[in-house]
Amino acid sequence: MSTVDGALAALARTQHGLVTRDQAFELGATSGMLSRRARSGRIERVLPGVLRIGGAPVTFAQRLLGAVLWAGEGALASHRAAARVHGALSRGSVPIEITVPYERNPRHRGIRVHRSLDLCRADPVVVDGIPVTGLARSILDLGAVAPAQVTRAVNAARRAEAIEWDDLLRVLVTHERQGRRGVAALRSVLAPHYRDLLTDSSTEDRAYAILERSAVVPLPVSQHPVVCADGVEVTVDFAWPEHRALLEVYGVDHLTNEPLQHLDLHRRNQIELAGYRLLVYTGRLLDRQPDQFVRDVRGMLAQAGCPLPLL
């Protein structure tokens, strides 16, 4: 065995029997050498630019890593495949599924390719030698393609003590935006653990009713998408979009949940850095000081240059 063959074999042992052509060239192989090895059966092309060392068994992990290597820099195993790699789904049949940066669109039969605008927030890890989206993100993405399996995946991850409820809440808040697939399935699983923080709209209804009865401020748009300074799109409770003025109202449990407090502080900072005015109220303050609430909303809108009805 030549020195190059030995180096290829050593690398392949760390990559489920695979090497890429670029890796082979870096180890000293030439096109002619690879062609001769292919004719003799010592290597086999499994995907464009991806080679399998002869005799290496074909496994799910090998096929998945091959897809990631084929897709190139930044690609990650994701969705059902990632959930299986993390142990959150059983070892049953799942598709070879990867995610790549949105600007790329590789295609190959037998590989399901997703494109993501926020892959930088996927918390990538390497599991069994495979670059993969983080567990919480994998469960969120699972909801986009197999929502019925999200509860099972969460339960499996919790039994294995691989994830905390707050980890799932964090990925939900970080990725939540209007129309994002996967959010609804994860929200439904988290709702019993965070109660009205995720499901109860009564506080928002009371805030809207107070503003409507006052007749001294223009009524806002509900559930409005906003792009923060860090590029994350979030949905705020109320907005006056043309004046870049926003209002958030929190349920009674909101301020007792420390992880959610930290997430909200981060989100508020990023919203304000993006040039918006933001007013925050709690349900308790709405009930105790409705007149002050109206005055504060008027004050914010006045600063934003919004024409206001006369008092």
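A salt bridge here is a side-chain nitrogen of Lys or Arg within 4 Å of a carboxyl oxygen of Asp or Glu. These close-ups come from a predicted model, in which local features need pLDDT of at least 70, side-chain atom pairs count only at pLDDT 80 or more, and totals for chains, interfaces and linings use all residues. Residues are numbered from 1 along each chain as its sequence is written, and side-chain values use heavy atoms, with hydrogens and water left out.

**View 1. A salt bridge joins Asp5 and Arg37.** The N to O distance between the two side chains is 3.0 Å. Follow the chain and you will find that this pair links distant parts of it, 32 residues apart: Asp5 sits in helix H1 (residues 3-13) and Arg37 in helix H3 (residues 31-39). Helices are DSSP runs of H or I with at least four residues, numbered from the N terminus. Both Asp5 and Arg37 are buried (under 20% relative accessible area, with exposed meaning over 50% and partly exposed in between; 1.4 Å probe, protein chains only).

**View 2. Glu44 pairs with Arg52 in a salt bridge.** The closest N and O atoms of Glu44 and Arg52 are 2.8 Å apart. Glu44 counts as partly exposed, at 40% relative accessibility, whereas Arg52 is buried, with a relative accessible area of 12%.

**View 3. Asp167 and Arg170 form a salt bridge within helix H8.** Here the closest N and O atoms are 3.1 Å apart.

**View 4. Helices H6 and H7 cross at roughly 165°.** The axes of H6 (residues 135-145) and H7 (residues 150-159) come within 9 Å; axes are lines fitted to C-alpha atoms over the stretch in contact, and angles run from 0 to 180 degrees between N-to-C directions. The two helices are therefore roughly antiparallel, a term for angles over 145 degrees. Leu135, Ile139, Leu142 and Gly143 of H6 make the contact with Val150, Ala153, Val154 and Ala157 of H7, where contact means heavy atoms within 4.5 Å. These residues divide into 7 nonpolar, 1 polar and no charged; Ala, Val, Leu, Ile, Met, Phe, Trp, Tyr, Cys and Pro count as nonpolar, Asp, Glu, Lys and Arg as charged, and the others, Gly among them, as polar.

Notes: Parallel < 35°, antiparallel > 145°, perpendicular 65-115°, else oblique.
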